[in-house]
Amino acid sequence: MTAYVTEFSVRDRARDLSRVEAFIELNSFERPTLVLDTDVVTDNFHALQAGLGHARIHYAVKANPAPEIIDTLVALGSHFDAASRGEIELCLSRGAPASHISFGNTVKRASDIAFAHRAGVTLFAADSDEELAKIAAHAPGAQVYIRLIVEASEADWPLSRKFGCDRAMALELLDRAVDLGLEPVGFSFHVGSQTRRASMWAPTLDEVAGTWEAARAAGHDLHLLNIGGGFPAFYGEVIEAPTPYAASVISMVRDRFGDVEVMAEPGRGMVANAGAIAAEVMLVSRKSDSDLHRWVYLDIGKFSGLAETIDEAIRYQCATDRDHEATGPCVLAGPSCDSADVLYEKTPVQLPVGLTAGDRVVIRNCGAYTSSYASVGFNGFPPLDVVVL
Ligand SMILES: Cc1ncc(COP(=O)(O)O)c(C=O)c1O
């Protein structure tokens with residue numbers, strides 16, 4: 001195991017570096033490394049909870065399953081949204097009570113439903129007849145919420161059509177759940193990940209409120225609204241701070257749904273700003289003498305943690321030791337022998353013109369959806385390492 005320097009010098013504090021960036025500055029890394037600060041997770045939990053009021057937080061484990069993050073959130077009394085048996089086992093192994101875990105994936109293996117039921121998990125998501133039948137068979141009597149499809153998303157990373165069902169089907173599924181001996185308790189939706197402004201939630205909440213009313217009119221006594229994730233992180237574009245953002249969302253929810261039980265599943269908003277990646281420039285080159293753009297190849301790419309650069313959807317902020325120098329546009333790419341492994345080309349990145357192989361690049365605010373996306377070793381490059389402060 002690598003021994004790291006953890007003493008943060010007065011100089012680093014005076015320059016107002018985050019603990020994570022001060023740690024990166026003081027150390028060298030043999031491979032791309034995500035450094036996480038769980039104190040930031042604690043701050044985020046408190047900030048989100050302050051805005052969410054009585055709504056219950058179920059941390060979306062998929063955003064970052066580092067055991068230390070789960071430990072931090074268990075200690076804070078958080079609940080958890082698990083997507084798989086593996087995530088349920090992780091939460092249980094770190095001391096989360098089964099009653100604090102919901103099984104939120106609408107696509108579950110029957111044996112995993114049975115496992116969750118045996119472990120004491122009682123709340124499951126579904127968006128189809130077949131999934132309800134599986135839950136009824138393997139978790140008899142369970143509480144279920146029906147996931148609704150969200151048509152209009154202004155999110156930078158929309159979750160769109162893959163999940164949920166339309167209003168008519170949702171109403172049918174509530175009836176079906178009752179027939180199967182399940183307890184339908186409410187609806188869930190996801191406004192889309194990285195929804196930068198709270199006001200962007202309004203059309204989705206209007207749509208869901210219409211379905212909620214229709215269900216109650218049809219005699220279903222729903223009491224749970226799962227508002228999913230969507231809470232944003234800072235990637236360079238202006239976002240609202242977590243407390244006022246969450247408070248605005250909850251106020252819009254209360255206007256439409258009254259005093260219902262609300263659960264929220266923040267992933268990105270809980271962990272993104274808790275982490276930075278220490279990466280390295282592997283090569284700077286041009287394709288011809290007249291090429292206006294340099295190509296900068298990093299030791300991390302789409303397959304080793306930066307998958308959310310697909311379609312350049314999430315634009316990470318990079319910092320280098322040369323940030324005081326003149327900058328110019330460059331195409332940023334990963335190291336693997338795969339032409340899809342280009343991070344930003346349509347909109348090139350401004351980086352220092354003096355950047356050269358071996359230079360450190362710090363990729364900011366990438367504690368979410370990076371380590372959990374890294375391949376096990378595409379092209380023989382090791383997966384993203386994780387260090388928790
Ligand atoms: C069911 C569910 N809940 C919550 C989340 C977390 O979303 P976010 O990271 O935008 O907070 C996701 C993300 O994919 C999800 O699928």
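The following legends describe close-up views of a predicted model.

**View 1. Helix H6 and its surroundings.** Within helix H6, which spans residues 110–119, the residues Asp112, Ile113, Ala114, Phe115 and Ala116 are buried. Their cover includes helices H5 (85–93) and H7 (129–138) together with strands E4 (101–103) and E5 (123–126). Gly120 follows H6 and has a positive phi, near 110°.

**View 2. The salt bridge between Glu131 and Lys108.** The closest N and O atoms of Glu131 and Lys108 are 3.1 Å apart. This pair links distant parts of the chain, with Glu131 in helix H7 and Lys108 in the loop between E4 and H6, 23 residues apart. Glu131 is buried because its relative accessible area is 3%, and Lys108 is likewise buried, at 3%.

**View 3. The salt bridge between Arg268 and Glu308.** Here the closest N and O atoms are 2.8 Å apart. Arg268 belongs to helix H11 (residues 268–271) and Glu308 to the loop between strands E11 (294–298) and E12 (318–320), so the pair ties together parts 40 residues apart in sequence. Both Arg268 and Glu308 are buried.

**View 4. The salt bridge between Asp359 and Arg322.** A separation of 2.6 Å is found between the closest N and O atoms of this pair. Asp359 lies in the loop between strands E14 (342–352) and E15 (360–363), and Arg322 in the loop between E12 and strand E13 (327–333), 37 residues apart. Asp359 is buried, with a relative accessible area of 15%, whereas Arg322 is partly exposed, at 22%.

**View 5. A negative surface patch.** Glu151, Asp166, Glu172, Asp175 and Asp179 form this patch. Asp166 is located in the loop between strand E6 (143–147) and helix H8 (167–179). With 44% relative accessibility, Asp166 counts as partly exposed.

Key: Residues are numbered from 1 along each chain as its sequence is written. This is a predicted model: local features need pLDDT of at least 70, side-chain atom pairs count only at pLDDT 80 or more; totals for chains, interfaces and linings use all residues. Side-chain values use heavy atoms; hydrogens and water are left out. Patches are made of residues with over 30% relative accessible area and no salt bridge: like charges are joined within 9 Å, nonpolar side chains (Val, Leu, Ile, Met, Phe, Trp, Tyr) within 5 Å. Accessible areas come from the Shrake-Rupley method with a 1.4 Å probe; for residues, only the protein chains shown count as cover. A salt bridge is a side-chain nitrogen of Lys or Arg within 4 Å of a carboxyl oxygen of Asp or Glu. Lys and Arg count as positive and Asp and Glu as negative; His and the chain ends are not counted. The place of a charge is taken as NZ of Lys, CZ of Arg, CG of Asp or CD of Glu. Helices (H or I, at least four residues) and strands (E, at least two) are DSSP runs, numbered from the N terminus. Buried means under 20% relative accessible area, exposed over 50%, partly exposed in between (1.4 Å probe, protein chains only). Contact means heavy atoms within 4.5 Å.
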